[in-house]
Amino acid sequence: MVTMLNLDEIDELFQSKKAVKKDSTDGKKKTIAIIDPKRAQNFTILLKKFKKTNEQLLEIVLNCDKSCEIPIDMWEQLLRYIPTKEEAQTLKELDTDEDTLSCLNRADRYFLSAVGIYHYEERIKAVNFKKKFNERVKSVTPKIRALIKASTEVVKSDKLKEMLTLILGFGNYFNFGKRGNAMGFRLETLTKICDTKSADNQLTLLVYIVETVEMIFPDLDNFIDEISHVPVAAKVALTELKSDVADLQAGNRLLIKEVDHMQKNPSLNGANVFQQQFAGFLKEIADTMTDLEQMMGDMKKKYTIATSHFAESSNAEPETFFGYFNTFIMQYNDAKEILVKKREEAERKKKQQLHLLERSVSGNTSPTPRSRPLSPHILPSNPSSPLPTEMIVDLLPSLDTLEQQDHNLMVNDLFAPSPDTAGMGSNTMRRRRKRKESNLNASSNMGRER
């Protein structure tokens, strides 16, 4: 049966890939293409940047660049042009006579010589790892530390807890009869407080909270100082950070394996140089790698505690989790600036009215009707847009000062009546107001008992 097969045809169709010779019909020298033309062209351009011959460059690779002749970034680019298994197999099958070699382009000739160097790829990876090690460690270390510190800060900051308690108090007050007496709220709510506006649409709830803090709870105004690492942590991509650390660990393991291999085979070409270049380096970075791995473990533990404390997923990216706090910080600072500008505007109008009054008294001009002075407090009152208050956090410590009767009365006086209270008599309104105050105080008392 086999004798009936066309073996020549089978050989022609299914033989392994051979170097392709291009015949010249115009008298020019023949060329042989081994690697993909586009890849060969790009690699040739890279080789020219080294400003060295193929032989000089390969010698540097063999000696692991002990004289530091090649810049760091060039080693990383060289790593992109490692002969593939298919290319290496084709090169090994290629006749190496002078006529054939003369037909190869520079990229092909380099690859042909590279496959003859023992552990060529491992050498380039080892050199690249060594040269980039310090830079990579300096890149990941601040990110890990920021996550550790920020995770600790948001859990242990007393002023942050009190600020969240104050916000919870406002939310429970606004949601009386709907979802009042909530024990917590989703962190995402922090980014939406500025969307709740006053009855006259002039101020946001966040601006009013800032004013309340400055007047009644001044110790809370610098709560941001207790979570100072949050803005940095909010910029960390945890998935990318884990990948970078994993690459460092993989590179370290590969180098340990390669040094051990060269020690066991000292007769290999370049084995002694390899040991000289990397055996001592491994000892130098051992403590750094140990510290890095311990920091990663500590970071994962504290980040999990922080996300769990606020009922968020431990798989959430720091950009999301800390992003809620960071957005609130920025909006809080913006609200402070708005409040300062409004106070300056109120002061300017006050001086202007005083000036007009003085001119009127002196007979220089007729007095103008005095405009209604700006109220120092404009409580955002939009009962139709309650703040989300789903359960998340362990009940935060309450603020005794929230029970100050004067402040509660002031808030009630400024709070615009909701549609369901319109038309009520004064006695009815007072009873309803008293129940709301009782509801707010009960929420604070629950915090102390907890």
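Me: Is Asp-260 buried, partly exposed or exposed in this predicted model, given its relative accessibility?
Reply: The model is predicted, so local features need pLDDT of at least 70 and side-chain atom pairs count only at pLDDT 80 or more, whereas totals for chains, interfaces and linings use all residues. Residues are numbered from 1 along each chain as its sequence is written, and side-chain values use heavy atoms, with hydrogens and water left out. Relative accessible area, taken with a 1.4 Å probe and protein chains only, makes a residue buried under 20%, exposed over 50% and partly exposed in between. Since Asp-260 has 34% relative accessibility, the residue counts as partly exposed.

Me: Which residue meets the side chain of Asp-260 in a salt bridge?
Reply: A salt bridge is counted where a side-chain nitrogen of Lys or Arg lies within 4 Å of a carboxyl oxygen of Asp or Glu. For Asp-260 the N to O distance is 3.2 Å, and both partners lie in helix H12 (residues 238–264), 4 residues apart, about one turn of the helix; helices here are DSSP runs of H or I with at least four residues, numbered from the N terminus. The partner is exposed, with a relative accessible area of 61%, and its name is Lys-264.

Me: What is the N to O distance in the salt bridge between Lys-192 and Glu-188?
Reply: Lys-192 is partly exposed, with a relative accessible area of 35%, and Glu-188 is likewise partly exposed, at 38% relative accessibility. Their side chains meet in a salt bridge, and the N to O distance is 3.7 Å.

Me: How many salt bridges does the structure hold?
Reply: Side chains of opposite charge can pair when their charged atoms come close. Among the pairs in this structure is the one between Lys-192 and Glu-188, and the number of salt bridges held by the structure is 12.

Me: How many disulfides does the count come to?
Reply: A disulfide is a pair of cysteine sulfur atoms within 2.5 Å. Cys-64 is buried, with a relative accessible area of 3%, while Cys-194 is partly exposed, at 21%. By the sulfur distance rule, the number of disulfides is 0.

Notes:
Helix = DSSP H or I, 4+ residues; strand = E, 2+ residues; numbered from the N terminus.
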